[in-house]
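Please read the numbered points with the sequence and the model at hand.

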Amino acid sequence: MLETKQKKLVVLQLSGGNDALNTVIPYNDESYYDNRPQVHIDPEKALKLDSELAMNPSMTAIKRLWDEGKVAVINGIGYPEPNRSHFRSMDIWHTAEPTKVLTEGWIARTIRELDPKGENVLGGINFGRGLPRAMASSGVPVASVGDLDTYGLFPSVKNDSDRNDILNVFSQMYGTGAGRDMVSEFLSQTGEDALVGADILSEAPAKYSSSIEYAANPLAKSLRDAARVMFADVGTRFFYTQHGSFDTHGGELPVHSKLWEDVSTAVGDFTDDVREHGYGESTALLIFSEFGRRIKDNGSGTDHGSGGVAFLIGDSVKGGLYGQYPSLKEKDQLNGDLYANNDFRSVYTNILEDWFEVDPVPIVNGSFEKFDIFEN
Amino acid sequence: MVTTERQTEQRSMMAHFMRRAGFGVTQRELDELEKLDYEDVVDSVLDPGLSNHLSDELVLRYHTEVHEQRAGPWSAKQWLYRMVTTDTPIVEKIALFWHGIFATGYAKTNQARALSVQIDMFRRFGLGKFDILLEELAKDPAMIIWLDNQDNHNGAINENFGREILELFSMGIGNYTEEDIKECSRAFTGWTLKNAEYMSVRAMKDSIWPYGRISWHYEYRENDHDGGQKSFLGETGEFNGDDIIRIISKQEAAAEFISRHLYDFFVADEVPVPQWPYTPARDPEAIRILSDTYLNEDHNITEMLRVLFKSEFFKNSRFERVKCPAEYVAGCLRTSDVISRPTLLMNEAVNVMEYMGQTLLNPPSVEGWHEGKEWINSGSIVERVNFAYDVWQNSDSPEVIDITDRMASDEALDAASVVEACLDFMGPLVFTEDTTKKAIIEHVSKGGTIKFGEKSTAVRELAEKRISEVLALIASSKEYQRG
């Protein structure tokens with residue numbers, strides 16, 4: 001089926017620092033077991049990608065997509081002089097700038113590029129509360145949806161007719177009036193944008209039907225919300241959500257395994273849903289984390305490190321391994337961490353230039369060698 | 001409920017003052033304030049003395065996660081309790097003011113204890129002489145790590161702190177040269193953390209887990225200090241950091257910079273700080289008055305605030321500021337009088353502040369938050385309206401019950417009278433557009449007149465419920481977004 005739909009990106013953030021070594025595992029490398037006497041994956045159970053690398057055993061659904069050739073694994077991803085603070089490193093990924101502290105997000109800048117006048121109040125949606133910095137910039141209208149079924153103003157008013165009454169009052173209170181000054185007008189406009197956005201979104205659940213039953217975890221719920229909005233065709237180009245916490249300092253093996261089971265099943269269900277509705281080729285899913293973890297385990301978990309792994313998944317993605325897997329040899333390490341030989345801005349550049357067809361340079365703050373992950 | 005116009009004005013003025021000098025007051029507090037002379041109230045608020053507030057021990061006993069002060073949001077919760085329950089709100093307000101300017105964040109320090117210590121320093125020194133505050137800031141461990149002054153060495157300067165103390169903390173861009181920045185940085189060499197190398201490595205790698213966070217201390221290292229001659233802002237000498245601060249603090253540029261910040265935070269929203277060098281102040285005369293006070297009153301912040309709060313420009317600035325999320329959340333909780341002991345509600349309150357765009361103790365960068373109308377976007381407005389609506393719609397809150405009692409009469413009240421009265425209680429707020437008030441009145445009319453009955457009867461409870469809805473709708477208005 002030839003799709004003419006607008007291209008969309010779903011961003012899934014693994015918060016807390018995902019242990020790359022136990023996600024895509026160098027199962028034939030002796031030094032993996034030397035460094036990870038306690039916190040390693042049984043090579044018998046790992047899902048083999050080739051003679052060197054294997055996925056975590058809980059990633060069965062993602063492995064299925066890999067076998068179909070729809071999963072790009074980007075190894076050794078990061079940026080120069082890695083920062084091991086969760087917040088700072090996350091900000092670096094969000095603003096696409098490792099040295100200066102910026103406040104404007106790369107996705108927000110892209111939305112502005114795609115819709116300069118901000119005509120669509122739903123250009124980007126975060127599924128979860130609050131606004132990730134990646135989507136934040138003054139004048140770029142975006143929405144944050146905690147729960148699609150109750151999203152909007154006055155969710156605590158349970159009775160539909162009462163809520164409609166109150167929404168009606170709100171609409172009149174924020175309705176176009178000259179206002180006493182510019183701030184008042186701005187508040188009116190923003191209130192109306194929020195109301196319009198909520199109105200549009202409120203219709204999405206009723207339009208949705210699907211044969212896919214999503215797994216029972218919070219991420220699957222968020223991705224299902226994203227799918228319901230996507231299929232309502234409201235012009236949203238960026239869907240953002242997160243899962244965690246991947247901050248596995250202790251008791252890593254069971255925790256990390258459960259987290260990836262959540263991610264993998266949710267991504268599998270979402271992909272099936274997207275395909276069923278004919279959005280497979282116009283949807284790409286990026287999975288990233290703010291950093292990887294130390295090469296050596298600490299007895300029960302792993303501490304903050306560098307050099308992570310990212311995934312780009314979708315029917316328009318050329319599956320395979322991208323970037324060299326970082327060496328675990330002591331001489332190749334970066335203070336006990338994996339050396340990130342692939343800059344994350346190379347992936348952003350690829351997405352911006354070839355998927356959204358916008359100039360990546362001002363968005364990622366420079367020119368980066370780009371990957372070639374998409375078909376065509 | 002007959003009041004003279006003068007009394008109403010007096011009440012309105014007091015409410016305005018207490019919103020700005022604090023986080024708003026209840027009607028019962030206003031009853032007391034109304035009887036007093038405005039200028040006396042200003043003087044007494046500016047002389048706070050010891051604070052009474054919900055005790056930290058009680059908060060810790062209930063919110064055990066706050067104990068170790070490891071994570072930013074947990075410690076922010078403790079601060080929010082202070083804002084809501086303190087009897088000296090000016091102390092928390094001035095700490096919030098300096099936190100927005102000397103913006104230091106958890107993102108880099110990776111421990112909340114040092115940030116709470118910094119906030120406490122603002123409480124102690126934030127209302128005093130600017131020079132002393134700046135010196136405390138330069139010695140503050142969280143600030144040292146935040147702006148890398150532990151890497152600022154004799155013979156190998158790191159300019160981060162030396163630059164920001166001039167650009168963001170005292171004078172603003174255009175009042176010094178790049179050469180001044182270098183000389184300033186040289187003067188602050190040796191102002192470092194005890195055991196800085198160890199601490200910064202630990203913080204960066206976060207490998208102190210699970211051993212808890214270490215307390216940080218300031219240390220002056222004579223042997224790492226560049227004691228040579230320096231030229232700074234036209235003066236020459238073997239300056240140390242405290243000499244530099246003395247020179248900065250006497251500059252007219254510093255007087256104006258602090259004045260404009262005070263005006264922006266306590267009077268009316270200015271344009272964003274980066275535009276200051278290119279955009280005249282909103283009220284140049286006000287800035288002149290405040291600057292003169294700074295220069296004539298020994299750089300004393302309290303004296304500046306005294307002049308500010310007693311000025312005509314302050315009295316005429318009602319609702320000229322968009323409330324920042326901390327003011328908004330603390331204000332809703334304080335004026336509705338719902339927090340008298342530790343409660344789970346505070347977990348939601350501190351999270352919602354973050355969803356509104358302000359994570360206390362973790363500003364987005366050293367430039368602090370973009371304030372004023374920048375607080376408002378289509379995501380944050382939803383959070384603001386929903387939070388205020390839910391707080392006020394709670395008909396069990398002491399303030400709703402009190403307001404209902406104040407309105408209660410033998411006669412039933414019609415919707416218009418109820419809305420008018422509630423607007424007075426909520427500000428007094430003035431809706432400049434008729435549509436706003438009309439919308440609420442129409443909605444309330446649908447339920448007919450409001451009858452009060454005797455206290456604790458079903459009739460009174462229904463009145464409380466309906467009045468709480470009116471208050472909640474007013475709290476959802478665009479006018480309520482400003483204070």
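1. The model is predicted. In chain A, 53% of the 376 residues are buried.

2. As to overall dimensions, the C-alpha trace of chain A spans about 70 × 45 × 40 Å along its principal axes. A compact globule of 376 residues would have a radius of gyration near 21 Å, and the 21 Å of chain A therefore agrees with that expectation.

3. The secondary structure of chain A consists of ten helices and twelve strands. Three strands form an open sheet in the order 2-4-3, with antiparallel pairing. Strand 2 (24-25) and strand 3 (47-48) of chain A each have a single partner strand and stand at the edges, so one side of each lacks a neighbour in the sheet.

4. Within this sheet, two bridges join strand 3 of chain A to strand 4 (residues 54-55) of chain A in the antiparallel sense. A:Leu47 has A:Met55, in strand 4 of chain A, as its bridge partner. In general, strands of a sheet pair through backbone hydrogen bonds, in either a parallel or an antiparallel manner.

5. In chain B, B:Asn195 is found in the loop between strand 1 (191-193) and helix 13 (196-205). From B:Phe122, B:Asn195 is separated by 73 residues in sequence and by 24 Å in space, C-alpha to C-alpha.

Methods: Residues are numbered from 1 along each chain as its sequence is written. Chains are lettered from A and ligands numbered from 1 in the order in which they are written. This is a predicted model: local features need pLDDT of at least 70, side-chain atom pairs count only at pLDDT 80 or more; totals for chains, interfaces and linings use all residues. Two strands pair if DSSP finds at least two bridges between them. Helices (H or I, at least four residues) and strands (E, at least two) are DSSP runs, numbered from the N terminus. The radius of gyration is taken over C-alpha atoms; the globule rule is 2.2 Å times the number of residues to the power 0.38. A residue is buried if 20 or more other C-beta atoms lie within 10 Å of its own, exposed if 12 or fewer, and partly exposed in between; C-beta atoms are placed from the backbone.
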